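Hello,

Here is the structure we talked about. Please open it first, then read my notes below.

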Amino acid sequence: MNLADLTIAEAGRGLRSGAIGAVALTEAHLARIAERDPHYRAFVTVTGEAALADAVRADAELAAGQDRGPLHGIPVALKDLIDTAGVRTSCGSRLRAGHAPTEDARVVKGLRMAGAVLIGKVATYEFALVGPSFDLPFAPARNPWNTDHITGGSSSGSAAAVAGGLVRTAIGTDTGGSIRSPACYCGIVGLKPTRERLSREGVFPLSPSLDHVGPLSASVEEAALTLDALSDAGAATRLGETLDGKRIGYARDWFAADPHTHPAALRALDDAASTLSLLGARIEEVQLPDYALFEAVGAVIIQAEALEVHAEWLARRPEEYGALAYRNLLTGLVLEPTDVVAAHAMAGELTRRIDTEMFGPFDALLTINTLGPALPLSAFDGVTSVWTHMRTLPFNVTGHPVLALPAGFVDGLPLGLQLIGRRGDEAGLCAIGDAFERATDHSAQHPPLPRAG
Amino acid sequence: MSGTPTEVASAEVSAAELAKRAEARGIAILPAALPAVAKGAAWLRGCVALIRAAGGGK
């Protein structure tokens, strides 16, 4: 077996028994990147030498009995929006193409403390805004399931790297669905933790009120282990639990009648509800507050805050933005301060309703992720905005933790679901996701190997 | 972030209004971008209308 295909837990056992070394594991991942990434374009910077130095240190520490936990000696990739000291952090933009921060982001410091091997920086939509773009210094990442299709974004490289077998886990960010939609399109697991669970210090902001940091991983267990290495969430502590007695609210009316919902995605969600029921959970259809209202609130907050972040560059260096990001950012000009106050007030009201109406009676909510599979790259011209329909933004507004899971396939492309948990209950969420994952074979599927040539 | 659907009614935003708002911030909108910015701004204004209709800001 290629070492790059070991799960984090399997590799961890091998590292601790001495059966494998972190250097050999890292070399296997670097070889995998060299072999496949020309097809996926997930990485914008591979830090091979530094990664091997991290691995040498991990081997020495483990040999000396100094165990830093489950990510010790495990290669991890970082979205190129996250500061890495001395390593280019481009934010996918010409404006930052030569920028090397002097300090690591807090989450990177956490990974170093956990003994992780930092193997490189992976693609992002420009400043985590919109994409794919074709007028930037970096080509868009490709979907490993079909490289003629998008990955989704903005954590595009994180998703492509995990789905393509280049790493088992990566760190991304999510302001409106940027961990969960690429996880869905690429058939992997995405975990948007509770807001404030992971520090955003040193992560370039899109919308400080809605930004989240979290893992994209090959399995629920690996997402949970990644989160646990960076926080006290205890996300992996309840894996393997029974679902007997769990109550899950199924928000089917958020998407079932939407003409953009692919019939296969609707079937996949109904099948997922049945599977969870067979596993012992009690499923009840629920009516959440109006989705369009959530989306309106999220959009106003994001566009207002993003404009503030970028106002100086928009005035002084407008020609350095890609067309899509530039046009998107300027839409916020139309907003008045009172509009933003109203949006925040409504966000508070919607959050209160979810907390009281849903997370009194229910342990989790189930709904769709994207409304269909990844679109072909040919649907995008890099200038005109193309909406990709999804149901992710509400939980950036409320800050609840969400686990994105594969739920099926159509035309060889993945479909996915979201499980939403109580604030701070990533452990309960991962327990449900883990049970679902074990009862289905969606996460066990792998993309076809890239074609030579 | 990524794409979002357009389920709210848009409200017209003129290029002149956008240019004036941009100028107040020291921004000169590149002319080729104006139609797309106006379209996105109109959708955003529709979002505000939806929030206010639902009681936001009261």
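**An enclosed helix**

In chain A, helix H10 (residues 323–330) has 8 of its 8 residues buried, so the helix is largely enclosed by the rest of the structure. Keep in mind throughout that this is a predicted model. The buried residues of H10(A) include Ala323(A), Tyr326(A), Arg327(A) and Asn328(A). Leu324(A), Leu329(A) and Leu330(A) are also among them. What covers the buried residues of H10(A)? The cover includes helix H9 (291–316) of chain A and also H2 of chain B.

**Chain B**

Chain B has 2 helices and 0 strands. Of its 58 residues, 40% count as buried. Take the contacts in chain B with a separation of 6 or more: residues 24 or more positions apart account for 70% of them.

**Where the chains meet**

The contact between the chains involves 47 residues from chain A and 37 residues from chain B. About 3,500 Å² is buried between the two chains. Carbon and sulfur atoms give 68% of that area.

The polar side of the interface comes next. There are 6 residue pairs in polar contact between chain B and chain A, counting pairs with both residues at pLDDT 80 or more. Which elements of chain B give two or more residues to the side that touches chain A? They are helix H1 (15–24) and helix H2 (34–53) of chain B. H2(B) gives the most, with 12 residues. By type, the residues on this side of chain B divide into 22 nonpolar, 9 polar and 6 charged.

The rule finds 3 salt bridges across the interface. One salt bridge in the model joins Arg52(B) to Asp339(A), with the closest N and O atoms 2.9 Å apart. There is also a network of salt bridges, which links Glu336(A), Glu17(B), Arg21(B) and Arg45(B).

Over all chains, the count comes to 31 salt bridges.

- Arg106(A) and Glu201(A) meet through their side chains at 3.0 Å, N to O. The pair links distant parts of the chain, 95 residues apart. Arg106(A) is in helix H4 (residues 106–113), and Glu201(A) is in the loop between strand S5 (189–192) and strand S6 (212–217). Arg106(A) is partly exposed at 44% relative accessibility. Glu201(A) is partly exposed too, at 42%.
- Asp232(A) and Arg197(A) meet at 3.2 Å, N to O. They sit 35 residues apart: Asp232(A) in the loop between helix H7 (220–230) and strand S7 (247–250), Arg197(A) in the loop between S5 and S6. Asp232(A) is exposed, at 70% relative accessibility. Arg197(A) is partly exposed, with a relative accessible area of 21%.
- Asp363(A) and Arg422(A) meet at 3.3 Å, N to O. This pair is 59 residues apart. Asp363(A) lies in the loop between helix H11 (337–358) and strand S9 (364–368), and Arg422(A) in the loop between strand S11 (413–421) and helix H13 (426–439). Both count as partly exposed, Asp363(A) at 22% and Arg422(A) at 28%.

**Cysteines**

How many disulfides are there over all chains? The count comes to 0. Cys186(A) is in no disulfide, and the nearest cysteine sulfur, that of Cys184(A), is 9.2 Å away. Cys186(A) is buried, because its relative accessible area is 1%. Cys91(A) is buried as well, with a relative accessible area of 1%.

Best wishes

How values were computed
Residues numbered from 1 in each chain as written. Chains lettered and ligands numbered in written order. Heavy atoms only, no water. Contact = heavy atoms within 4.5 Å. Buried area = accessible area lost by both parts, 1.4 Å probe. Salt bridge = Lys/Arg side-chain N within 4 Å of Asp/Glu carboxyl O. Polar contact = N/O pair within 3.5 Å; in protein donor to acceptor, adjacent residues only side chain to side chain. Helix = DSSP H or I, 4+ residues; strand = E, 2+ residues; numbered from the N terminus. Nonpolar A, V, L, I, M, F, W, Y, C, P; charged D, E, K, R; others polar. Disulfide = S-S within 2.5 Å. Buried < 20%, exposed > 50% of the residue type's maximum accessible area, 1.4 Å probe, protein only.
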